[in-house]
Amino acid sequence: MNSYIDFSGRPFHFIGIGGIGMSALAYILAKRQLPVSGSDLRPNQITRKLESLGAHIFNQQEASNLEFFRPGAFSSHTSHILSNPSDQLSTQQKSLPQVICSTAINNNNLEYRAALELGCPILHRSDVLAALIAEYHSIAVAGTHGKTTTSSMIGYMLLEAGLDPTIVVGGEVNAWEGNARLGESKYLVAEADESDGSLVKHAPAIGIITNIELDHPDHYATLEQVVETFQTFARGCQVVVGSIDCDIVCDRLKPGISYSLDPDKGADYTVTNIDYRADGTTALVWEKGKSLGVLSLQLLGRHNLSNALAAVAVGRVLNLEFGQIAKGLATFEGARRRFEFRGEVDGITFIDDYAHHPSEIRATLAAARLQAKAGQRVVGIFQPHRYSRVRTFLDEFANCFTHADLVVLTDIYSAGEPSCEQISGEKLAAEIAKRHPQVIYQPSLALIPRVLLSTLRPGDLAVFLGAGNLNQTIPEIISALRQPVTVTF
């Protein structure tokens, strides 16, 4: 793939534009008044938002999408491709587009093959992000867990401090009504993903590393390969901020600025007087042995306090007063699908969380246990994500539900991977049941609502876990619970 990005006015065409990472980049480019088009198989609120900015969206991934860009294809007989003939691109914009793909797109994709045949420059989405990072005084958040929350926290903190940042994150945030924001200042906050190795392309002014674990065995054969990717990323950063609560970050990366929840570790930033409550967290923050003040968060749990401490460190690197930092973080409500409250019906609280790795599941359920009142059950509803991940971490998955009173599982969301005879949702449920007294397995996602409607009871905290489509069942369950019961005689 090519890696040169032309921001001078040449069109961008995204194959799979509705994805959370792709759409954020498309949004920034469209807001910069660059011509943007793209395809996605399922229209959603993200693609509709891009259309409102002038992007043209094709609702299929077909070779014919690229016909619009062929020389001589701008006559009236192709104007129907546009939603409105008045949307015809200018002469400058009629050159071959820069075609942007994610790792999920391969040679079997007809649209991708048509772009190759047409001679379009083909770029990975990380190439676009890397080019944007190079344009700004950038803050890039990396790590196996906590990237979205930490990058969103930092973006929100800078926004509240009046620094007007550009933001590109892997989740939607109410404060900027989506997963991206175009600011007017020199600052850019970005989530930097290690899943496909593209993290090594980024060279930000400030790099944050929250932790390092093996999470994507479909790409990495060993943990050592993951470590090497983060080491390369760290060498490209002007300043590295890292959590030394992670032994690998501490020992193998040796960050220039460190943070830790343990005061005995000697980190540059740490906390004491921690109070984890059902309605949030407070702690006294220290900077190199000097008390900065009290930090109050709406977010729950140890992991979110660690994320906030990373944001504090970044804020101080940017010379923000602690009062500005604390004021911003105190009102941050979190990103969507990160312990997101979805509703309460009949005393049952519904929470949606993106957790899909054993460490994330354990942390999320621990936060739920903090929120649960005496006698209230925590019900963990989990859709495993990727056969390769479940196979690699089978034992870890089996042991990560200790904070749940009841575990409900459905089958594995493949994320495009071929099925594997060695592993299944049923086998995972059997392994969890060896360690947990209450496990229910339902192979069909479509039947999960029925199972939960007969299982959930008033007072339950129902936590939906997974990176797939399990959360799409939540509205159906809530709607069914709200239906009045008809009694016939």
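In this predicted model, strand β1, which covers residues 12–15, pairs in the parallel sense with strand β4, which covers residues 98–101, and three bridges link the two. Within this pairing, Phe-14 has Ile-100 of β4 as its bridge partner. On the other pairing of β1, four bridges join the strand to β2 (residues 36–39), and these two strands also run parallel.

**The five-stranded sheet around β1**

- Strands β1, β2 and β4 belong to an open sheet of five strands, whose order is β3-β2-β1-β4-β5 and whose pairing is parallel.
- The edges of this sheet are taken by β3 (56–58) and β5 (122–124), and because each of them has a single partner strand, one side of each is left without a neighbour in the sheet.
- If the direction of the turn is ignored, neighbouring strands of this sheet are turned by 25° against each other on average.
- As background for reading such an arrangement, strands of a sheet pair through backbone hydrogen bonds, and the pairing is either parallel or antiparallel.

**The six-stranded sheet**

- A further open sheet is formed by six strands in the order β16-β17-β21-β18-β19-β20, and here the pairing is mixed.
- Its edge strands are β16 (340–345) and β20 (439–441), each of which pairs on one side only.
- From one strand of this sheet to the next, the twist averages 20°.
- Inside the sheet, strand β18 (residues 378–382) runs parallel to strand β19 (residues 406–409), and four bridges join them; in this pairing, the bridge partner of Val-379 is Leu-406 in β19.

**Aromatic rings and charges**

- The structure holds five aromatic pairs, and one aromatic cluster is formed by Phe-382, Phe-397 and Phe-401.
- Arg-338 lies over the face of Tyr-354, at 4.5 Å from the ring centre.

**Domains named in the UniProt record**

- An unreviewed UniProt entry places the feature "domain: Mur ligase central" at residues 141–314; in the model, the end C-alpha atoms of this span lie 10 Å apart, and the span is 28% helix and 32% strand.
- The annotation "domain: Mur ligase C-terminal", which also comes from an unreviewed UniProt entry, covers residues 337–468; the end C-alpha atoms of these residues lie 11 Å apart, and the span is 32% helix and 22% strand.

Notes: Residues numbered from 1 in each chain as written. Predicted model: local features only at pLDDT ≥ 70, side-chain atom pairs only at ≥ 80, totals over all residues. Heavy atoms only, no water. Pairing = 2+ DSSP bridges. Axes fitted to C-alpha atoms, helices over the stretch in contact; angles between N-to-C directions. Phe/Tyr/Trp six-rings, centres within 6.5 Å; stacked < 30°, edge-to-face > 60°. Lys NZ or Arg CZ within 6 Å of the ring centre and 35° of its normal. UniProt positions renumbered as here; feature names shortened; annotations may be inferred.
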